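Please keep the sequence and the structure in view while reading.

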Amino acid sequence: MSPQEQSAPPAVWKSLDGIAYGGDYNPEQWPVSTRLEDLELMKEAGVTFLSVGIFSWGLLEPTEGTYDFGWLDEVLDNLATSGIKVALATATAAPPAWLVRKHPEILPVTADGTVLGPGSRRHYSPSSAVYRRYATGITRALAERYKDHPALALWHVDNELGCHVSEFYGDEDAAAFRAWLERRYGNIEALNASWGTAFWSQHYASFEEILPPGAAPSTLNPGQQLDFQRFSSWSLMDYYRTLLEVLRDVTPGVPATTNLMVSSATKSMDYFDWAKDLDVIANDHYLVAADPERQIELAFSADLTRGVAGGHPWILMEHSTSAVNWQPRNQPKMPGEMLRNSLAHVARGADAVMFFQWRQSFAGSEKFHSAMVPHGGRETRIFREVVGLGAALQKLAPVKGSRVESRVAVVFDYEAWWASEIDSKPSVDVRYLDLLRDFHRSLFLRGVSADFVHPSASLAGYALVLVCTLYNVTDAAAANIASAAREGATILVSYFSGIVDEQDHVRLGGYPGAFRDLLGVSVEEFYPLLAGSTAKLSDGGVGRVWSEHVHAAGAEVVSAFTEYPLEGAPALTRRSVGAGAAWYLATFPDRDGIEALVDRLLDESGVAAVAGADQGVELTRRRNADGTSFVFAINHSRTDATVRVAGTELLSGERFTGMVPAGAVAVVAED
Ligand code: GAL
């Protein structure tokens, strides 16, 4: 069982059998005859779950106050008859033309003052009171109409909140920012102290004087920038809560969520914070076709989604069957890649696999985006693979509800991502994700699972905890990490961690203030490396990006910098702490150095791979509360691979031979 905090599973799973399967369904694009054919094809594919009505407002309420629910009634009735469950959307992700014409003040405004107009989607500000009034109106109308519908299993609130635009700079947004600051600080002097406004004459006499951080002659106050990021994430969630209130009022028993965009590219929303208001975590993930290691980025997204979900099973709400339409060059997925991708998400905790979208559009912006039913229809590679995936998922029903097993925690914090990348830092090359993703990659390649854990969440049960560039940290989170070491975990803390508190105030007396005692080191001065240069280390390795003048103060020096002006200064240290140990890493090792370090850390913490396997095989284990376990072995290579696990292979229903063919997947119910 994963050490992630356990609690009751979200209610939505009760209404879905096995691993749920389907996608976004936008039937309003099609005549009734096509919608009837859809039902047949869905049956053939084994579809059980669809998101309906995400962008339907314009057709559901074609003019203000007049509703046309006829087509949606027909669609939902037919889906219910076919035994398909629905995540019904609030339809609010694209305001109708009449609303924009009547109330142009709902439109988003960017930092440079540009008003983003209609004709696309997501053209509203979440702080707009008018928009909230109309959005709650259509939400209530939908909830009242479908509250007892047998197809309704989940509310899909809006869509990808923060997609396209995640920060809003209009007058109403500015007022909402000021109100948020007033609630946060209580009085203006508390804000002045937090933002350090004694510097550069930035003192405020009242909240009325404050603006969002727009264009300015030089760098903006970092406290103002960080708070604006916090506010922007909060305001999207606050808008979500406004719609949720309506849904709770009309349908108190129906769970609700919104689809997140957890990936290495989505920085603006603090999804750990958002998770508190979602009944189940749902995520959308799209591969970048040009990334030769895209399966590792997928694993990063899926693991982080599971972290946001607190270890609970989650919904993969969207991915693509093949090419997307929004990258510069939209390569299709290779044969078998869609199955590997889908089962990789399941391997990392998804209990539902869904796509954008069911049937590929013939018109509109996304007509060249792949779908479950492509332009060519039923007799196509894509549809055959879709049918094959549906059959595979049916065989994985026993996996439903099990948890991914992991003894490694990677501490992850959106606030640290934000704060560490605000301007005016020692080096532009310190990017929050870089070191963290290199460690995750190394663990992926070895078949070792890692959970992403918020710094304030329990670390109990983890043998190894990696803390990478956790620039800002609260006292409580620093104590949480230190206590994990005392209780027996091996902790690794990297450079540029624990430097400031949650107000972005430097912890004085030697870096890294929050972790100095735990690590037994004190850093006197940073020596970030110039572009492209490296630092030689006494263990024969090299560091990238960063070096610094570390003094050991109780820690043992494991390796040191060897060159002027840092010759002899520690680069890697270790200190025994209680039943565990705390390591400090003062540079960004190259890939070989990362591998050597991960070897040592896994060895010391006694963490092993899920199973022995040939290179190129992705491995995870999911385990049920009763102890039954499933090993997922995904062969990303183009040669057959051996995996040492014993049990029944669920996809074939036969005894596992120990071999996973090139490009194939095995799911082994272990003996
Ligand atoms: C998502 C969005 C979908 C569709 C998809 C295409 O961001 O939620 O509606 O646009 O991307 O990849």
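Which residues in α14 meet which residues in α17? On the side of α14 they are L435, D438, F439, R441, S442, L443 and R446, and on the side of α17 they are R591, I594, E595, L597, V598, D599 and L602. Contact here means heavy atoms within 4.5 Å.

## Basis of the report

The model is predicted: local features need pLDDT of at least 70, side-chain atom pairs count only at pLDDT 80 or more, and totals for chains, interfaces and linings use all residues. Residues are numbered from 1 along each chain as its sequence is written, and side-chain values use heavy atoms, with hydrogens and water left out.

Helices (H or I, at least four residues) and strands (E, at least two) are DSSP runs, numbered from the N terminus.

## Helices α14 and α17

Two packed helices are described by the angle between their axes and the distance between the axes. Axes are lines fitted to C-alpha atoms, for helices over the stretch in contact, and angles run from 0 to 180 degrees between N-to-C directions. Helix α14 covers residues 432–446 and helix α17 covers residues 591–605; their axes come within 10 Å and cross at roughly 65 degrees. The two helices are therefore roughly perpendicular to each other (angles under 35 degrees count as roughly parallel, over 145 as roughly antiparallel, 65 to 115 as roughly perpendicular and the rest as oblique).

The crossing of α14 and α17 is right-handed: a crossing is left-handed if the near helix is turned anticlockwise from the far one by less than a right angle, and right-handed if clockwise. The residues of this contact comprise 7 nonpolar, 1 polar and 6 charged. In this classification Ala, Val, Leu, Ile, Met, Phe, Trp, Tyr, Cys and Pro are nonpolar, Asp, Glu, Lys and Arg are charged, and the others, Gly among them, are polar.

## Helices α11 and α12

Helix α11 (residues 337–347) packs against helix α12 (residues 381–395) at an angle of about 30 degrees, with the axes 10 Å apart. These helices are therefore roughly parallel to each other, and α11 passes α12 in a right-handed crossing. From α11 the contact involves M338, L339, S342, L343 and V346, and from α12 it involves E385, V386, L389, A392 and L393. By class, there are 8 nonpolar, 1 polar and 1 charged residues in this contact.

Helix α12 also holds I382. I382 is buried, at 16% relative accessible area (buried means under 20%, exposed over 50%, partly exposed in between, with a 1.4 Å probe and protein chains only). Apart from neighbours within four places in sequence, I382 contacts T321, S322, S370, A371, M372 and P374.

## Residues in loops

S127 lies in the loop between α4 (97–102) and α5 (129–146) and is buried, with 13% relative accessibility. R431, in the loop between α13 (414–420) and α14, is partly exposed at 39%.

## Backbone features

Most residues other than glycine have a negative phi, and most peptide bonds are trans. Cis peptide bonds join Y511 to P512, with omega about -15 degrees, and Y564 to P565, with omega about 5 degrees. P512 is in the loop between β14 (490–494) and α16 (516–519).

V545, which is not a glycine, has a positive phi of about 65 degrees. V545 is located in the loop between β17 (542–544) and β18 (548–552).
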